[in-house]
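Subject: Structure handover

Hello,

Here is the structure for your files. My notes on it follow below.

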Amino acid sequence: MKKTATLLGALAVAIISTAASAADGTVKKVDESAGKITLDHGPIKNLGMDEPMSMVFKAADPAMLKGVKPGDKVLFEADRVNGQITLTKIQKK
Ligand SMILES: [Cu+2]
């Protein structure tokens, strides 16, 4: 029984470490026609960004940007898609 629990724990860690981690951000600018958004963001572990910074992200789907506007505090996920840093998820806090 104990062995099973340890195995499950190891599996859970493996799953978590491969998933994109959610990051905090503030929307600075939304360019819906270009499908781009500028965010002031905190650390993004899966992209190796340890320091807060401001940068432009390409949205995986421009429709994702409809619900947010400059000044909104958001939780988001980003990943490298075909070499480009891409916003894969965003939600208002
Ligand atoms: Cu960044």
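A residue is called buried here when its relative accessible area is under 20%, exposed when that area is over 50%, and partly exposed in between. By that rule both Phe57 and Phe76 are buried. Please keep in mind that this is a predicted model, and that the values below are computed from it.

Overall layout

Read from the N terminus, the order of elements is α-β-β-β-β-β. The protein has 93 residues, and 30% of them are buried. Of the contacts with a separation of 6 or more, 49% are between residues 24 or more positions apart.

Strand pairing

Strand β1, residues 23-31, runs antiparallel to strand β4, residues 73-81, and four bridges join the two. In this part of the sheet, Thr26 has Lys73 of β4 opposite it. On β4 there is also an antiparallel pairing with strand β5, residues 84-92, through eight bridges. Glu77 has Lys89 in β5 as its bridge partner, and Val81 is placed opposite Gln84 in β5. Strands β3 and β5 run parallel, with two bridges between them. Opposite Ala59 one finds Leu87 of β5.

The β4-β5 turn

β4 and β5 make a hairpin with two residues between them. Asn82 sits in the loop that connects these two strands. Its phi is near 50°, which is a positive value in a residue other than glycine. For background, most residues other than glycine have a negative phi. Is Asn82 buried or exposed? Asn82 counts as exposed because its relative accessibility is 80%, and the cut-off for that class is over 50%.

The copper site

Which atoms coordinate the copper ion? The donors are NE2 of His41 and the SD atoms of Met49, Met53 and Met55, at 2.0 to 2.5 Å. Along the chain these donors are spaced as H-x7-M-x3-M-x1-M.

The ideal angle for four tetrahedral donors is 109.5 degrees.

The C-alpha atoms of Met53 and His41 are 5.6 Å apart in space. Apart from neighbours within four places in sequence, Met53 is in contact with Leu39, Asp40 and His41. His41 counts as buried because its relative accessibility is 3%. Met53 has a relative accessible area of 35%, so it is partly exposed.

The aromatic pair and the core

How many aromatic pairs does the structure hold? There is one. The pair is Phe57 with Phe76, in an edge-to-face arrangement with 5.4 Å from centre to centre and 65° between the planes. Phe57 lies in strand β3 and Phe76 in strand β4, 19 residues apart, and the pair links distant parts of the chain.

In soluble globular proteins, nonpolar side chains tend to be buried together. The largest nonpolar core in this model has 19 residues. Those with the most contacts inside this core are Ile37, Leu39, Phe57, Phe76, Leu87 and Ile90. Strands β1, β2, β3, β4 and β5 are the elements that give two or more residues to this core.

Regards

How values were computed: Residues numbered from 1 in each chain as written. Predicted model: local features only at pLDDT ≥ 70, side-chain atom pairs only at ≥ 80, totals over all residues. Heavy atoms only, no water. Donors = N, O, S within 2.8 Å, 3.2 Å for Na, K, Ca; no water. Buried < 20%, exposed > 50% of the residue type's maximum accessible area, 1.4 Å probe, protein only. Pairing = 2+ DSSP bridges. Phe/Tyr/Trp six-rings, centres within 6.5 Å; stacked < 30°, edge-to-face > 60°. Core = buried A, V, L, I, M, F, W, Y, C linked by side-chain atoms within 4.5 Å. Contact = heavy atoms within 4.5 Å.
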